[in-house]
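Hi,

Here is the structure I promised to pass on. Have a look at it first, and my notes on the charged side chains follow below.

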Amino acid sequence: RSDWSQEQIHRILGLPADDNIDDRGAWVGALILSGFRVAIPGNCWGDLWHGRGQGDIEADGFLRWGAYLAAEAADLIQAQPDASGYLMGIGLAEGGRGLTELALEGVLLDAVAIDASPDYLPPRLDGAGESDQYVQGLLRIYDYDLGDAEDFDAQVDRLQVALNRDSLAVQVNAQGYRTPMFYAYSSLDEQVPLDATLPLANALY
C-alpha cells in the first residue's frame with residue numbers, strides 16, 4: 001500500500017509526532033549534517049526488493065519493482081551535480097535485501113549498514129507444505145525464477161536455488177563481496193529468526 005510506504009518514509013525522516021520516541025530521523029539528520037545527500041525509496045510491492053517489473057497482474061493487481069527502485073535511487077544520488085562519488089547503502093529490516101539486489105546488479109557501494117534484515121531465507125523452505133503462506137508468498141515473488149516447474153516440490157527446489165543466490169551471506173562467502181559492512185541483528189527478534197540472520201553475521205565475523 002502506498003500510504004503504508006509513505007508512512008515508513010516519514011518515520012525514517014522523523015516526521016511523525018511520537019512522544020515515546022526521540023531519535024527518529026537521527027540517521028538521516030546525521031548524514032545530512034555530514035554533507036550526504038539522502039534518497040529514501042519506499043517499496044510496498046511486497047517483493048523483498050527483488051522485483052524488476054515481473055509479477056502476475058491478474059493474481060496480484062500490480063507488478064513488482066523493488067530491485068528496480070533500489071537501483072534508481074542509487075542512480076539518482078550519483079547523478080547529482082555535486083555528488084562526491086561516495087555511495088553508502090542503509091537497509092532497515094527487509095530493506096537490507098535491497099542492498100543485496102544492488103550487489104547482484106554490480107552497483108558499487110562504498111559502505112553498507114543493515115539492521116534486522118532477513119538475509120538468508122532457504123531455511124524457511126525446510127519441510128514447507130503447500131499451505132505455508134510465507135512460502136506461497138516467496139513463490140509469487142520469485143515466479144520468474146521458477147521457469148516451467150509446475151508441481152510444488154519442483155517450484156520449491158528452484159526457489160531454494162534463487163534464495164541461496166540472493167543472500168549477502170552467500171555473496172560474502174562465495175563471491176568475495178568485500179564492501180565494508182555494519183550488520184545488526186538480535187537473538188530476541190520475534191519477527192526475524194536467527195537462521196535468517198546468523199549466516200551473514202558469521203560470514204562477516
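Which side chain meets that of Asp60 in a salt bridge at 2.0 Å, N to O? The partner is Arg140. By salt bridge I mean a side-chain nitrogen of Lys or Arg within 4 Å of a carboxyl oxygen of Asp or Glu. Asp60 sits in helix H3 and Arg140 in helix H6 (residues 133-141), so this pair ties together parts that are 80 residues apart in sequence. (Helices are DSSP runs of H or I, at least four residues, numbered from the N terminus.)

Before going on, a word on the background: this is a predicted model, where local features need pLDDT of at least 70, side-chain atom pairs count only at pLDDT 80 or more, and totals for chains, interfaces and linings use all residues. Residues are numbered from 1 along each chain as its sequence is written, and side-chain values use heavy atoms, with hydrogens and water left out.

Back to Asp60: its side chain also meets that of Arg64 in a salt bridge (2.9 Å, N to O). Asp60 counts as buried at 16% relative accessibility, and Arg64 is buried too, while Arg140 is partly exposed at 39%. The cut-offs are under 20% relative accessible area for buried, over 50% for exposed and in between for partly exposed (1.4 Å probe, protein chains only).

Elsewhere, Arg52, Glu101 and Glu105 form a network of salt bridges. Within it, the side chains of Glu105 and Arg52 meet at 2.9 Å, N to O. Glu105 belongs to helix H5 (residues 96-105) and Arg52 to the loop between helices H2 (26-33) and H3 (57-60), so they link parts 53 residues apart in sequence.

In total, the count is seven salt bridges.

Cheers

Methods:
Helix = DSSP H or I, 4+ residues; strand = E, 2+ residues; numbered from the N terminus.
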